Amino acid sequence: MTVRAIEWDPATDRLRLLDQTKLPGESVHLDIKSVDALVDAIAILAVRGAPALGVAGAMGVVTALDEGAERGWSADEVLEAVDRIAAARPTAVNLAWGVDQVRGLIDQGRDAVLEAARRVAVEDEAANRELSRLGADWLLARVDRPRLRVLTHCNAGALATAGWGTALGLVRELAHRDRLELVYADETRPLLQGARLTAYELAQEGIPHVVQVDGAAASTILRGLVDCAIVGSDRIAANGDVANKIGTVAVALACREAGVPFVVAAPWSTVDLATASGEDIEIEERSGVEVTSYAGVRVAPAGSEGFNPAFDVTPARMVSAIVTERGVVEPATGQRMIDEG
């Protein structure tokens, strides 16, 4: 089983998204008919996860072409709409990357763009399966346990990709090899992508797991209850610095102290060789209301404002391995992504 978070629906000939804001309670799909609708879906995290955003970027170009044809836009107006999609979330490099995979085909027509966008989705799932295989091989060669106890943060599963998953894809690979004991899924504040989405995927596949508050992660690692941490990424710099969901760097610090591997799993499309280091990565700041309220209910005093960086950067020296479909790089030993590229 692999959840389909994003696809081009042949029945409607439109981009179709699984609205992740409704999970796990409801399975609601969004038929995207306009660029505004897609940008809004990205902003509210109805579609999220770096690889899935890459597919959304590529398929969103087709949406822009369709809307432009319907509304009589000029070529420049279509390109302006495409640029709006590419800029909808600044930290995740895959979104603009996905747009760039098909932008150059616009002059060849809608069919050429759609074919290329579908290819982006197919190649993403293939990359995820390959990096999962490579990551499992790397871990099992270094962790001497019959079955591994894994901690993960946020959601980097099929819901965050075109299929299979990155960090959770590696977890699935371990489970398929009967080498997985238990997953500790951090709840991931403030929007609970771990509790809502990671746990949803693990439960769907019958993979043993528990959900813990983010503040428990370091203690769980230091108590010796975890053999490794596996996370995804939204942007990887050339030096191996990794941007991921806020709270990731705390997991990495605890892993370094405990002497257990901290592994980042992501497709090569997440690697940004044009970004020298994490210092150059723009950190998206979202509305403070996501912190001061939950499910529409205010939980902080009316006078308290929320500070809500969506991501943090884990320095390369804390990253045991970055696994892509091209191989494994070990930044903590001084290896750089640019060497792999």
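Predicted model: local features only at pLDDT ≥ 70, side-chain atom pairs only at ≥ 80, totals over all residues.
How many nonpolar, polar and charged residues are in the lining of the largest cavity?

## The largest cavity

By class, 9 nonpolar, 8 polar and 5 charged residues make up the lining of the largest cavity. The space inside comes to about 220 Å³. In total, 22 residues line this cavity, and those closest to its centre are Arg 48, Gly 49, Cys 154, Asn 155 and Asp 234.

Two elements, helix H2 (50-71) and strand E9 (242-245), each supply at least two lining residues. H2 has the largest share, with 3 residues.

## The second largest cavity

The model holds 2 cavities of 30 Å³ or more. By class, that is 3 nonpolar, no polar and 3 charged residues.

Helix H6 (167-176) and helix H7 (193-205) each supply at least two residues of this lining. H7 gives the most, with 3 residues.

Strand E10 spans residues 262-265 and is covered on both faces. Phe 262 and Val 264 are buried on one side. Val 263 and Ala 265 are buried on the other.

E10 pairs with strand E7 (residues 228-231) in the parallel sense, over 3 bridges. Here Val 263 of E10 stands opposite Ile 230. E10 also runs parallel to strand E15 (residues 321-324), and 3 bridges join these two. Ala 265 has Val 323 in E15 as its bridge partner.

## Helix H9

Helix H9 covers residues 248-258, and its buried residues are Thr 248, Val 251, Ala 252, Ala 254 and Cys 255. Seen down the axis of H9, these buried residues fall within an arc of 165°, so they line one face of the helix. The general rule is that an α-helix has 3.6 residues a turn, so residues three or four places apart point the same way.

Just after H9 comes Gly 259, with a positive phi of about 75°.

## Gly 135 in helix H5

Gly 135 lies in helix H5 (residues 110-140). Is this glycine buried or exposed? Gly 135 is buried, because its relative accessible area is 0%.

Leaving aside residues up to four places away in sequence, Gly 135 touches Leu 170 and Val 323. Val 323 is also the residue of E15 that partners Ala 265. Thr 270 is 135 residues from Gly 135 along the chain, and their C-alpha atoms are separated by 16 Å.

Key. Residues numbered from 1 in each chain as written. Heavy atoms only, no water. Buried < 20%, exposed > 50% of the residue type's maximum accessible area, 1.4 Å probe, protein only. Helix = DSSP H or I, 4+ residues; strand = E, 2+ residues; numbered from the N terminus. Pairing = 2+ DSSP bridges. Arc of directions from axis to C-beta. Contact = heavy atoms within 4.5 Å. 1 Å grid on protein atoms, 1.4 Å probe; cavity = no way out; pocket = protein on both sides within 12 Å on 5 of 7 lines; lining within 4 Å. Points joined across faces, edges and corners; volume = space filled by probe spheres on them. Nonpolar A, V, L, I, M, F, W, Y, C, P; charged D, E, K, R; others polar.
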